[in-house]
Amino acid sequence: MGLLGLGLAGLQPSLLLGGLAIGLGVLTTLKLLEARSLEEHRLVGLLQLVGCGVVAALRPDLGPSLLLATATLVALSGLLALELGEGLAWPVLLRRSAQVLAAALPVTLVLFLLLPRLGPITPMPGDRGASAATGLSDRLDPGSIAALATRHDPAARVAFSGGQPPPPGERYWRVLVHDRFDGRAWSSGTPLPRHPDDPRQPPRSSASPTENGQLWLVEPSGLAAVPWNGWGRPLSRELLPDPGGELLHRGPPGQRRAYALGEGDGTARWQRQPPLPGDLLLPEGANPRLEALGARWAQLGSDGARLQAAGTWFRSQPFRYSLEPGLLPSRAPLDTFLFERRLGFCGHYASAFTALMRSAGVPARVVSGYRGGSWVRPLGGVPYLDLRQSDAHAWSQVWLQGRGWVEVDPTAWVAEAQTGQGTRGERGALVWLQQQWWGLDIAWTRLWLGFDREGQESLVRRLLGAHLNWLGALLVAAVATSLALGLGLLGWLARGQGSDPWRRERDSLLRALARHGLTPEPGDTLAQVAARGGQRWPALAQELEHVVALYQRHWFAPRPADARRPSLERRQLGELRRSRRQLQRQLGRLAGRLKPGCLSRLIGVRRVD
């Protein structure tokens with residue numbers, strides 16, 4: 001139960017399956033506390049197996065997968081102990097449980113390949129939410145990011161099919177688009193209207209993340225939007241590109257999410273989506289000096305000229321980058337930043353620049369996401385780009401006629417030496433071990449994500465062609481074949497192993513005696529064989545008699561029927577195992593003191609190997 005409880009720790013009780021799994025875990029724990037009979041303990045074991053299956057479906061990461069596989073092995077060992085007798089030692093139970101799991105692999109593989117998969121059952125949230133865990137929020141106030149910008153908590157990891165990340169200047173990973181401005185802060189408005197030929201469903205693709213594109217692993221957050229480069233092609237039905245440039249994920253936002261993006265052509269539909277009237281709205285009089293400067297730029301002939309004038313003006317001012325710029329006043333905050341303090345971080349620059357563009361008549365929005373990342377090459381696994389909360393960044397996008405939405409980073413106009421981009425402030429063995437583990441985690445995720453729902457449908461079409469209605473018959477036949485194969489494998493693995501550990505100990509002792517020349521005669525009992533062994537090896541007589549006494553006591557002596565019986569049998573079996581091993585060691589030492597062939601001549605019996 002402890003291992004299953006660790007697996008439940010990362011689930012959200014507010015989600016349907018997460019709450020079901022947590023409730024099942026609580027009920028299983030309560031049942032274990034009150035269980036007294038064999039049937040009740042058997043029910044607890046079965047509930048643990050069901051719980052492991054539910055949690056494994058919700059948390060397919062490498063760490064939880066290993067944890068739940070161990071929990072399944074332990075639960076199955078407990079069930080075997082109940083069915084086969086509690087005299088079995090735990091190593092034997094674990095070995096037999098591993099054999100049962102190995103026998104279940106064929107049918108598991110068939111179900112993984114052929115069983116139709118359900119789409120996401122968690123609906124897309126109606127709003128875009130916010131969580132401090134991501135360092136991002138749907139409300140962008142320059143005074144709200146300073147504390148988050150210094151956090152080095154993991155945000156996301158991304159692996160590239162080519163094995164190399166994009167150049168540093170192209171590492172912008174957009175998450176949220178902020179299109180509403182109240183004079184101080186930016187927020188995300190309502191979803192943009194969709195073009196008739198731009199459905200929520202992403203384009204079908206048979207490509208897998210192992211062939212091209214990117215593989216993302218994003219830490220839990222309260223956001224429906226996930227990071228991307230803005231033009232990659234979604235390879236999963238869980239990904240919903242938004243016309244505003246956000247990539248929405250239908251999976252549970254409170255859990256870690258994994259998704260793949262294929263290679264695009266460098267452009268996306270959202271980049272050609274015409275601006276709305278709201279992309280020019282600016283509260284009149286909220287920042288009068290900003291509005292006056294933008295009005296002067298509005299006199300220029302084109303949007304491109306206005307953008308160029310803004311870049312020239314920003315570069316000419318003594319702006320400085322700082323993580324601790326202090327709070328801005330509630331009245332005309334951007335005027336204070338632009339014309340008085342000139343001190344701030346990315347949120348200040350993106351907010352002020354976007355407002356200036358709107359005042360100059362250029363449609364503009366603020367984008368928040370991540371910039372940069374640290375390239376990691378683990379010893380094993382897959383190289384990846386490591387994004388942290390300290391990489392949280394904000395920039396702008398402006399609409400230019402003939403070019404569409406263009407990304408502009410006004411923070412980059414500040415001297416790069418002042419921004420401190422890419423600094424992590426962390427070193428040490430634990431960080432190195434974490435990086436190695438993440439490399440293996442990405443490799444594992446690439447393995448199971450490479451065969452998604454689209455890949456499964458493609459496999460079924462290749463197998464059945466136009467006869468897709470035969471899928472049910474194919475699935476039944478494949479399951480029956482795999483079950484037969486699994487049972488045959490289980491029988492082969494268990495060959496030569498009796499179900500009774502006492503008989504196994506007896507047979508092991510007889511084989512050891514036979515290797516040293518003492519073979520049982522037809523009709524001999526264990527006591528008779530031990531008596532002949534005691535006559536030939538007087539030093540072993542007492543230990544042989546002790547083994548016989550233990551064996552006969554187990555089979556013929558009366559045993560208690562209360563709760564003491566399982567522990568008593570375990571102690572007796574352990575004593576028998578120790579005595580048998582001691583006899584084998586003594587036989588080995590005795591044979592070592594004799595010359596080759598001397599033992600057979602001494603006892604007058606032909607050696608049997």
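Arginine 139 counts as partly exposed, at 41% relative accessibility; partly exposed sits between buried (under 20% relative accessible area) and exposed (over 50%), using a 1.4 Å probe and protein chains only. This arginine pairs up with aspartate 182 in a salt bridge, their closest N and O atoms being 3.4 Å apart. A salt bridge here is a side-chain nitrogen of Lys or Arg within 4 Å of a carboxyl oxygen of Asp or Glu.

The model is predicted, so local features need pLDDT of at least 70 and side-chain atom pairs count only at pLDDT 80 or more, while totals for chains, interfaces and linings use all residues. Residues are numbered from 1 along each chain as its sequence is written, and side-chain values use heavy atoms, leaving out hydrogens and water.

**Salt bridges**
- By the rule above, the count comes to eleven salt bridges.
- Arginine 139 lies in strand E1 and aspartate 182 in the loop between strands E4 and E5, so this pair ties together parts 43 residues apart in sequence. (Strands, E, are DSSP runs of at least two residues and helices, H or I, of at least four, numbered from the N terminus.)
- Aspartate 182 is partly exposed too, at 44% relative accessibility.
- Glutamate 219 bridges to arginine 157, with the closest N and O atoms 3.1 Å apart, and both residues are buried.
- Arginine 365 and aspartate 279 form another bridge, at 3.0 Å between the closest N and O atoms.
- Arginine 365 is in strand E14 and aspartate 279 in the loop between helices H7 and H8, so the pair links parts 86 residues apart in sequence.

**Around helix H8**
- In H8 (residues 288-297), Leu290, Glu291, Leu293, Gly294 and Trp297 are buried.
- They cover an arc of only 160° around the axis, so they sit on the same side of H8; the arc is that of the directions from the helix axis to the C-beta atoms.
- Their cover includes helices H9, H10 and H11.
- From H11 comes serine 359, which is buried at a relative accessible area of 17%.
- Leaving aside neighbours within four places in sequence, serine 359 is in contact (heavy atoms within 4.5 Å) with residues including Leu290, Glu291 and Gly294.

**Aspartate 335**
- Aspartate 335 is found in helix H10.

**The whole chain**
- The protein chain has 20 helices and 18 strands.
- Of its 609 residues, 47% count as buried.
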